[in-house]
Amino acid sequence: MQAYGPQHDVWAFAWSGGKDSTATLTLIIHLIRVGRLAAPKLILVFYADTRQELPPLAISAFRIMEQLAELGIHCEVVRAPLDKRFLVYMLGRGVPPPNNRTFRWCTRQIKVDPMADAIEARLSEIDGNVLMITGVREGESAIRDERIRMSCGKDGAECGQGWYQEVLPQSKGVRGRIATLAPLLHWRVCNVWDWLRVYAPMTEYGGWATAAIADAYGGEEANEINARTGCIGCPLASKELALETILAMPAWSYLTPLRGLKVIYRELREDDSKRLKKTGRDDDGSLSSGKNKQRKGPLTFEARLDALERVIDIQASCNEAAARLGRPSIDILNSEEEARIRELIAAGTWPNGWDGDEPTADTPMDMIFRDGSVQPLLV
Ligand code: SF4
């Protein structure tokens with residue numbers, strides 16, 4: 001930072017609220033405050049709010065934003081447009097939950113693109129060279145670039161971590177002025193944990209509200225648990241290590257109903273009665289074009305409404321307990337998002353390429369293979 005910082009008038013942080021980017025942000029601001037780093041002319045902080053963050057992370061992020069505001073540092077909260085948010089896109093438009101293999105629509109749509117757009121919009125308003133500071137770390141056993149790029153699917157990473165390295169405006173005027181630096185690249189997870197849990201909360205290191213973030217990653221056992229974080233119930237993660245870690249703590253156990261989100265997402269993906277399927281034939285009975293002729297597609301209106309009610313119930317149960325216990329409430333689906341989901345369903349919205357008159361995927365039909373051969377339905 002001492003070498004590269006002074007070469008840039010503006011320092012910008014793409015902050016996910018996870019452990020690595022929070023450690024980077026709070027440490028750099030602390031070093032400026034105590035005079036170990038010379039402040040740039042302008043500091044910009046962009047917080048990526050997917051609306052599906054683990055509650056201790058989301059709550060800490062908003063507290064840290066208040067602390068930044070007290071220091072005169074403005075933080076821009078970046079969210080996907082309403083229709084592209086995780087629950088609205090899935091339950092309103094009917095797009096099935098993402099998966100690891102073929103259909104990972106979420107990270108780019110709810111994290112990366114909104115961040116790139118926000119940064120581009122802001123930077124196009126200001127002059128000067130910009131240093132984008134990211135929280136990317138190599139980790140201890142990383143096979144470097146590959147691991148970082150793929151880190152969304154690995155333990156110990158924040159979903160989208162590697163992607164933030166690429167969150168740079170595309171327009172020439174802005175892009176030419178930006179450099180990227182990952183100052184904690186070589187920190188180990190124990191260094192990050194020490195900073196978040198031990199040092200950063202101390203007054204002399206800034207008194208940051210970072211302790212709950214360390215807890216979400218496993219508290220004292222963070223090194224061993226090495227939980228990956230992202231959305232609650234992330235359909236791409238096989239285990240919910242971070243959620244289970246916080247639920248094991250008495251202070252957060254009232255959020256136990258959140259376990260139900262993963263169950264809902266799995267059902268929406270796997271229950272054939274909840275999804276439509278292409279028959280593989282055009283209206284005139286001839287075989288359709290394309291390889292995957294009988295692909296499964298969107299969620300039925302019934303499935304969407306059922307999932308919506310269940311998500312609302314989960315949020316209500318958590319918030320009733322929160323009110324009873326005097327603990328923070330959660331907000332993964334607000335009234336605007338709920339209304340938009342209902343509006344899209346009422347308007348009969350289907351994803352591109354689907355009309356809604358396709359049968360559900362559990363409907364018996366001839367099997368049509370990729371090479372066009374047909375196995376008639378046995379009756
Ligand atoms: S945490 Fe999971 S659901 Fe959320 S954006 Fe990342 S991969 Fe998608």
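User: Which residues form a nonpolar patch on the surface, and with about how much accessible area together?

Analyst: In this predicted model, local features need pLDDT of at least 70, side-chain atom pairs count only at pLDDT 80 or more, and totals for chains, interfaces and linings use all residues. Residues are numbered from 1 along each chain as its sequence is written, and side-chain values use heavy atoms, leaving out hydrogens and water. A patch joins residues with over 30% relative accessible area and no salt bridge, nonpolar side chains (Val, Leu, Ile, Met, Phe, Trp, Tyr) within 5 Å and like charges within 9 Å; areas come from the Shrake-Rupley method with a 1.4 Å probe, only the protein chains shown counting as cover for residues. The patch is formed by Val198, Tyr199 and Met202, with about 220 Å² together.

User: Is Arg269 buried or exposed, and which side chain of opposite charge is nearest?

Analyst: Buried means under 20% relative accessible area, exposed over 50%, and partly exposed in between (1.4 Å probe, protein chains only). Arg269 lacks a salt bridge, which means a side-chain nitrogen of Lys or Arg within 4 Å of a carboxyl oxygen of Asp or Glu. Lys and Arg count as positive and Asp and Glu as negative, while His and the chain ends are not counted. Arg269 is buried, and the nearest side chain of opposite charge, 6.5 Å away, is Glu270.

User: How exposed is Asp357?

Analyst: Asp357 gathers with Asp282, Asp283, Asp284 and Asp355 in a surface patch of negative charge, where the place of a charge is taken as NZ of Lys, CZ of Arg, CG of Asp or CD of Glu. Asp357 counts as exposed because its relative accessible area is 62%.
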